[in-house]
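Hello,

Here is the structure we talked about. Please have it open while you read; my notes follow below it.

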Amino acid sequence: EEEIPEDHPRYQDLLTRHRIEAGVEKGITHLQGMHAEGRGSAFDYLLGEETIPSADDAERAAAAHLLLADHPVLSINGNVAALVPGEMVELAEATGADLEVNLFNRTPERIDAIVDHLREHGADEVKGLEADAHIPNLDHERSKVDADGIYEADVVLVPLEDGDRAEALDEMGKTEIVIDLNPLSRSPQVADVPIVDNIIRAVPNVTDHALELAGADEADLRTIVANFDRERALEDAEERIRSGEL
Ligand code: ATP
Ligand code: MG
């Protein structure tokens with residue numbers, strides 16, 4: 001990361017790519033994660049590589065949902081672990097959420113490596129090793145979750161999630177918060193709170209909102225949740241991308 005000059009016009013993008021490469025080398029990110037990163041990078045370019053106002057609204061609504069939840073869980077895959085390990089730990093602490101490793105290409109080695117990586121970044125307990133429950137309507141390997149984690153969670157944050165799993169979690173009736181730079185992807189389309197923003201900017205901003213809202217009344221949090229308009233958030237992001245105004 002030292003090699004990239006901070007005044008480079010594409011500094012954040014290069015840093016992101018470098019972190020994914022390092023994640024692949026460290027055994028926490030699958031090679032396919034590089035392709036996901038490439039897609040994300042293209043959409044971020046079209047969004048102007050900044051948090052648009054409707055994404056900030058979504059990030060505030062996400063914070064309110066996590067604070068109101070009985071059992072919030074933050075899902076971690078190989079890209080999330082490579083890009084924002086410490087930031088996810090901080091969000092978990094700010095909202096009282098559990099962290100659970102949940103992989104598309106699941107191997108025990110990668111799960112162990114990600115759990116270790118999160119612990120190096122300050123995590124205490126990390127779920128995902130038990131895999132003693134299944135999300136209905138998904139094939140066997142893809143459906144594995146912890147019974148006392150994602151399976152019983154009322155609110156789940158699933159960044160960069162696969163469309164099939166996002167749909168299956170939605171069908172389970174969970175309040176689903178998705179972070180995904182492509183507003184047309186199925187995952188944000190089924191989310192209660194679609195956050196169309198780079199995870200690198202989104203997670204710290206959700207944490208800032210959570211810290212700011214920590215002392216708020218339940219009624220105020222419910223108002224924030226009720227006032228959030230998911231369709232509008234998706235439309236705003238798509239309009240921004242189509243406008244070509246950078
Ligand atoms: P599907 O329709 O099954 O969801 P997909 O093309 O969306 O397929 P996936 O690999 O399932 O591909 O999802 C990766 C998603 O994550 C993409 O939509 C991509 O834009 C997004 N993404 C990649 N990197 C980031 C990032 N740093 N921040 C936010 N979103 C990202
Ligand atoms: Mg997708």
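In α3, the residues D56, E59, R60, A62, A63, A64, L66 and L67 touch α10. Their partners in α10 are A202, N205, V206, H209, A210, E212 and L213. By type, this contact has nine nonpolar, two polar and four charged residues. Please bear in mind that the model is predicted.

The geometry of this pair is as follows. α10 covers residues 199-213, and its axis comes within 8 Å of that of α3. The two axes cross at roughly 55°.

From α1, the contact uses D13, T16, R17, I20, E21 and V24. From α2, it uses G33, M34, E37 and S41. Three of the residues in this contact are nonpolar, three are polar and four are charged.

Next, the charged pairs. Side chains of opposite charge can pair when their charged atoms come close. This structure holds 18 salt bridges. Three of them are described here.

R10 and E49 form a salt bridge, at 2.5 Å from N to O. R10 sits in the segment before α1 (11-26), while E49 sits in the loop between α2 (32-46) and α3 (53-68), so the bridge ties together parts that are 39 residues apart in sequence. R10 is partly exposed, at 25% relative accessible area. E49 is also partly exposed, at 22%.

K26 and E120 form another salt bridge, at 3.1 Å from N to O. K26 belongs to helix α1 and E120 to helix α6 (residues 108-120), so this pair ties together parts that are 94 residues apart in sequence. K26 is partly exposed, with 44% relative accessibility. E120 has a relative accessible area of 56%, and so counts as exposed.

E50 and R240 form the third, at 2.6 Å from N to O. This pair links distant parts of the chain, 190 residues apart. E50 is in the loop between α2 and α3, and R240 is in helix α12 (residues 230-243). Both are partly exposed: E50 has a relative accessible area of 38%, and R240 has 23% relative accessibility.

There is also a network. Salt bridges with shared partners join R10, D13, R17 and E49.

Which residues have a positive phi without being glycine? A131 is one of them, with phi near 50°. A131 lies in the loop between α6 and β3 (133-134). Its relative accessible area is 18%, under the 20% cut-off, so A131 is buried. N137 is another, with phi near 70°. N137 is in the loop between β3 and α7 (140-143). N137 is exposed, at 66% relative accessible area.

N198 lies in the loop between β7 (193-195) and α10. Is N198 buried or exposed? At 8% relative accessibility, N198 is buried. Leaving out residues up to four places away in sequence, N198 touches D44 and L181.

T107 lies in the loop between β2 (98-101) and α6. T107 is partly exposed, with a relative accessible area of 30%. T107 and P72 are 35 residues apart along the chain, and their C-alpha atoms are separated by 25 Å.

Best wishes

Conventions. Residues numbered from 1 in each chain as written. Chains lettered and ligands numbered in written order. Predicted model: local features only at pLDDT ≥ 70, side-chain atom pairs only at ≥ 80, totals over all residues. Heavy atoms only, no water. Salt bridge = Lys/Arg side-chain N within 4 Å of Asp/Glu carboxyl O. Helix = DSSP H or I, 4+ residues; strand = E, 2+ residues; numbered from the N terminus. Buried < 20%, exposed > 50% of the residue type's maximum accessible area, 1.4 Å probe, protein only. Axes fitted to C-alpha atoms, helices over the stretch in contact; angles between N-to-C directions. Contact = heavy atoms within 4.5 Å. Nonpolar A, V, L, I, M, F, W, Y, C, P; charged D, E, K, R; others polar.
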